[in-house]
Amino acid sequence: MLSPIVLVVLVLVTFVAAADLYKILDVHKSASEKDIRAAYKRLSKKYHPDKNKDPDAEDKFVDIARAYEVLSDPTKRQIYDRHGEEGLKAHEGGQHQPNPFDVFSSFFGGHHQQQTRRGPSSLTEFEVSLADIYQGANIDFMIKKRILCDHCRGSGAASDGDIHTCTGCNGAGVKLVKQQIFPGMFAQSQVTCNECNGRGKVIKKTCPHCQGHKVVDHTAHYTLDVTPGMPEGHEVVFEGEADESPDWEAGDVVLRVRSKKVKGSWRRKETSLYWKQTIGIDEALLGFEKNITHLDGHNVEIVRKGVTQPGFVQVVKGEGMPVFGNRDVKGDLFIEYSVILPVEVTPEMRRKLTEAFHSPSSTHDEL
Ligand SMILES: *[C@@H]1O[C@H](CO)[C@@H](O)[C@H](O)[C@H]1NC(C)=O
Ligand SMILES: [Zn+2]
Ligand SMILES: [Zn+2]
C-alpha cells in the first residue's frame with residue numbers, strides 16, 4: 001500500500017510529467033521500443049535513489065518509471081500520443097500506477113526476455129553414431145534460417161529516408177471511425193489503420209535486397225561438440241541462433257542428441273554397453289578366446305573356459321560408456337551369447353558325437 005503522502009507526490013508528479021513523457025526519457029517521439037528500453041535502462045540506474053544522493057533524484061526516478069511504464073506499452077503510448085495525459089488518466093480509470101521501484105526491479109530482475117518479444121526456438125532431434133558418443137566428436141551441420149537483411153538492417157526500406165510516418169493515422173497505427181448506429185446517433189470506434197496495417201509507418205521505396213521482406217534466407221554452419229558419454233536426449237543449445245526478425249529477439253536452436261540405432265550392433269543404456277555375440281557349438285562346449293572390436297577399434301579380449309550356455313551374459317568391467325563429464329571413468333560391457341548349431345551333421349561327425357555323448361563316461365542329461 002502506498003501511504004497517502006506518496007500518493008499525493010505521485011499525483012503531483014503526474015501533473016508535472018504531463019509536460020512530456022518523451023522528454024523525461026530523453027527520446028524522440030518516433031523512438032522504437034528498443035530505444036525506450038535503452039533510455040530507461042540508462043536513466044533509471046542514474047537516478048536510482050540508492051545511488052544518486054541528489055535531493056531531486058527520487059522525483060526524477062519516479063518520473064522516469066512513469067514515462068517508461070506508459071511508453072513501453074503500445075496501447076498506452078498510442079493513447080498518450082493522441083490524447084495526452086488526460087486521455088491516459090481516463091484510460092487508467094484511477095487505477096494505481098505501479099510502484100516505480102517495482103518497475104525498476106522487474107526490468108533489471110532477470111526478466112529481460114519478457115520485455116522484448118522472443119522469437120520461436122527450434123528443437124531438432126539429432127542422431128549421432130554411438131562411436132561418436134563413445135569417443136567424442138565435432139560434427140558440422142547446417143541450418144536454413146532467416147536472418148535480418150544486412151542492406152536495410154530489417155527496416156525493409158531502401159534507405160532511412162524512405163520510411164515515412166503514415167499520413168492516414170499520423171503514426172498511431174489506428175484510426176477513429178464514426179459509425180451511425182441509429183439515425184442521428186454516432187458511435188466512435190478504433191480500427192487498425194488500413195494504409196499502414198497498424199505499423200504507423202509507410203515505406204516509399206522497398207529495400208532491393210530483401211524486396212521489403214526485412215529478412216533473407218540464409219544457410220548457417222555450426223559445429224556440434226559431442227562430448228564422450230553424452231546422455232541420450234541431451235540438449236545442446238545454440239543461443240539466439242533461430243530465425244531472426246525485426247519484431248523479436250531470435251530464439252534458440254536446440255539439438256536433442258540421440259544415438260543412431262543400428263540393428264545387431266552396439267546398444268547403450270546410460271553408461272552400460274551391450275553386445276550380442278554368436279558362438280559355435282564347439283565354442284559353447286569347449287571354451288574359446290576371441291577379440292571383440294570396440295567402438296573406437298580397440299580389442300576386448302574374451303576368454304571362456306568350459307561351457308557357455310545360450311543367453312549367458314558376461315560382464316566386462318570398465319569397457320562400457322565413458323561417464324559424461326568424466327571420460328576416464330567407464331561403465332561396464334555386457335556380452336550376451338547365442339549359440340549357433342550346425343545346419344547339418346555329417347555321418348562322420350554323427351558317429352563321433354554319438355560315441356562321445358553315449359559312452360559310459362559321458363554326463364548326458366536325459367531331459
Ligand atoms: C586379440 O588382440 C590382441 C591384440 O589386441 C592379440 O594379441 C591377440 O592375439 C588377439 N587374440 C585373438 C584370439 O585374436
Ligand atoms: Zn497508418
Ligand atoms: Zn532489406
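Trainee: How do strands β11 and β17 pair, parallel or antiparallel?
Mentor: Strand β11 (residues 272–280) and strand β17 (residues 333–340) pair in the parallel sense, over 8 bridges. Two strands pair if DSSP finds at least two bridges between them. Strands (E, at least two residues) and helices (H or I, at least four) are DSSP runs, numbered from the N terminus.

Trainee: And which residue is the bridge partner of Ile279 in β17?
Mentor: That's Val339.

Trainee: Before we go on, where do the numbers and letters come from?
Mentor: Residues are numbered from 1 along each chain as its sequence is written, while chains are lettered from A and ligands numbered from 1 in the order in which they are written. This is a predicted model, where local features need pLDDT of at least 70, side-chain atom pairs count only at pLDDT 80 or more, and totals for chains, interfaces and linings use all residues.

Trainee: Okay, back to β11 and β17. What order do the strands have in that sheet?
Mentor: The order is β10-β11-β17-β14, an open sheet of 4 strands with mixed pairing. β10 (267–269) and β14 (313–316) are at the edges with a single partner strand each, so one side of each has no neighbour in the sheet. From one strand to the next, the twist averages 30 degrees; axes here are lines fitted to C-alpha atoms (for helices over the stretch in contact), and angles run from 0 to 180 degrees between N-to-C directions.

Trainee: How many bridges join β8 to β9?
Mentor: 5 bridges, and β8 runs antiparallel to β9 (residues 253–259). Glu235, for instance, has Arg256 in β9 as its bridge partner.

Trainee: Switching to helices: which residues of α6 are buried?
Mentor: In helix α6 (residues 100–108), they are Pro100, Val103 and Phe107. They cover an arc of only 55 degrees around the axis, which puts them on the same side of α6. That arc is taken from the directions from the helix axis to the C-beta atoms. On the other side of α6, Asp102 and Ser105 are exposed.

Trainee: What counts as buried or exposed?
Mentor: A residue is buried if 20 or more other C-beta atoms lie within 10 Å of its own, exposed if 12 or fewer, and partly exposed in between, with C-beta atoms placed from the backbone.

Trainee: Then why does Lys60 count as partly exposed?
Mentor: Because Lys60 has 19 C-beta neighbours inside 10 Å. You'll find Lys60 in helix α4 (residues 57–71).

Trainee: How many buried residues does β4 have?
Mentor: The count is 0 among the 9 residues of β4 (residues 174–182), so to speak hardly covered. β4 pairs with β5 (residues 185–192) in the antiparallel sense over 8 bridges, and Phe182 stands opposite Met185 in β5.

Trainee: Last topic: which residues surround ligand 1?
Mentor: Glu289, Lys290, Asn291, Asn299 and Glu301. A residue is near a molecule or strand if its C-beta atom, placed from the backbone, lies within 6 Å of it.

Trainee: Which strand gives the most to that shell?
Mentor: β12, with 3 residues.
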